[in-house]
Amino acid sequence: MATQSTYKYPWLSLNLVFITVHMMVWTAILTLPYAIGSPPDYKIGPLPGLFFTLAGLIHALIFYGNAYLLYPKLFNRRYWGLYLISVLFLLVGSFQLKHALLIQWFPEVNPDFTTNKFIYPPSIGIFVASLIYRKIIDRIHREKIRKEQRAIQLDSELKLLRSQINPHFLFNVLTNLIALARKKSNKLEPSILRLSDLMHYMLYESQQDKVLLTQEVDYLNSYIALQQLRFGDDVRMDIALPQVNETKNLRIDPMLLVPFVENAFKHGTGWINEPTIRIHLTVQDEMLRFNVSNKYDRSLDTNKDKHSGIGLTNVQTRLDLLYKSQYQLKIIEKDNLFTVNLVLKLT
């Protein structure tokens, strides 16, 4: 139960550590005279240890009063003057309070230059420490907010990229179905069933942050089967996808691999002479290697339009956002052969 609470509310554990550290530091400061002094008064210089303990409480008031009250509320252009006045009152008040402690509690001690060294400089030093502490805390807070905003931005960008991929893919598949309908092909019905499987994955599974690699492979199989129903023996296909036991429990961002396959069928068919498409996917030691290649003749590519390349551009952007230095992507166009090589570290 405790583990679940910590996971659900991580700020509880962070705040607990923060409070514990502060308590340990101030406990050390307040008890220091009794650790380095000698009984019965545990004196440090001319002053008894009890004075330093009481002065430590005053220092705590300066530290937290400035760090959590004066600085956050008044340290700005509008209240700058009021902040300086408040700090002055805080420091002068601490001086007066220490003098009062000496007179009332320790009348045997005569205030002089030596005792004054334990009254004025510590208060000023604690105030400076409080100022530095507050600036560090503010910087950490700003960095935390920046990271949270960046995470929200990345999530929005990924959702946008996925929404761009799905309509683009659907447009291409519907075009294929229209071609089958015009031919009055008996392959139309099984093609629609395949499309139903694909739509289920796109609508439900692809909304997750990560899916099992087996699900992504099943999606590729369905997509390729849909294309095989359309082209039959007109397109030579060399397909090698891993079995379920080869992928273990590895996960991948959904709809990450299909744009490469979609691009191959879109630009590797049509008027291409003896069109050939090769799709190989291997997984070893959490390392995914994906190779897609197709014959390509730019002069004969009737499928190229102003939206061409949306899938490849988006998938590369998603790789940058999600996997950063954990992937290598090479896109090569040479000798009428368009080749994509992706190496991706999975978890």
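Buried means under 20% relative accessible area, exposed means over 50%, and partly exposed lies in between (1.4 Å probe, protein chains only). Helices (H or I, at least four residues) and strands (E, at least two) are DSSP runs, numbered from the N terminus.

The model is predicted: local features need pLDDT of at least 70, side-chain atom pairs count only at pLDDT 80 or more, and totals for chains, interfaces and linings use all residues. Residues are numbered from 1 along each chain as its sequence is written, and side-chain values use heavy atoms, with hydrogens and water left out.

Next, the charged pairs. Side chains of opposite charge can pair when their charged atoms come close. A salt bridge here is a side-chain nitrogen of Lys or Arg within 4 Å of a carboxyl oxygen of Asp or Glu. The count comes to 5 salt bridges. One of them joins Arg318 and Asp253 at 2.2 Å, N to O. This pair links distant parts of the chain, 65 residues apart: Arg318 is in helix H11 (residues 310–322), and Asp253 is in the loop between strand S3 (251–252) and H10. Both Arg318 and Asp253 are buried.

Glu286 and Lys345 form another salt bridge, at 3.4 Å, N to O. Glu286 sits in the loop between strand S4 (276–284) and strand S5 (287–295), while Lys345 is in strand S7, so the pair ties together parts 59 residues apart in sequence. Glu286 is partly exposed at 36% relative accessibility. Lys345 is partly exposed at 29%.

Strand S7 (residues 337–345) also pairs with strand S6 (residues 327–334), in the antiparallel sense over 8 bridges. Two strands pair if DSSP finds at least two bridges between them. Glu333 stands opposite Phe338 in S7. S6 and S7 form a hairpin with 2 residues between them, and Asp335 in the turn has a positive phi of about 55 degrees.

Now helix H6. Arg146 and Glu143 both lie in H6, 3 residues apart, about one turn of the helix. Their side chains meet in a salt bridge of 2.7 Å, N to O. Arg146 is partly exposed, at 44%, and Glu143 is partly exposed, at 33%. Ile140 is also in H6 (residues 120–182). At 52% relative accessibility, Ile140 counts as exposed.
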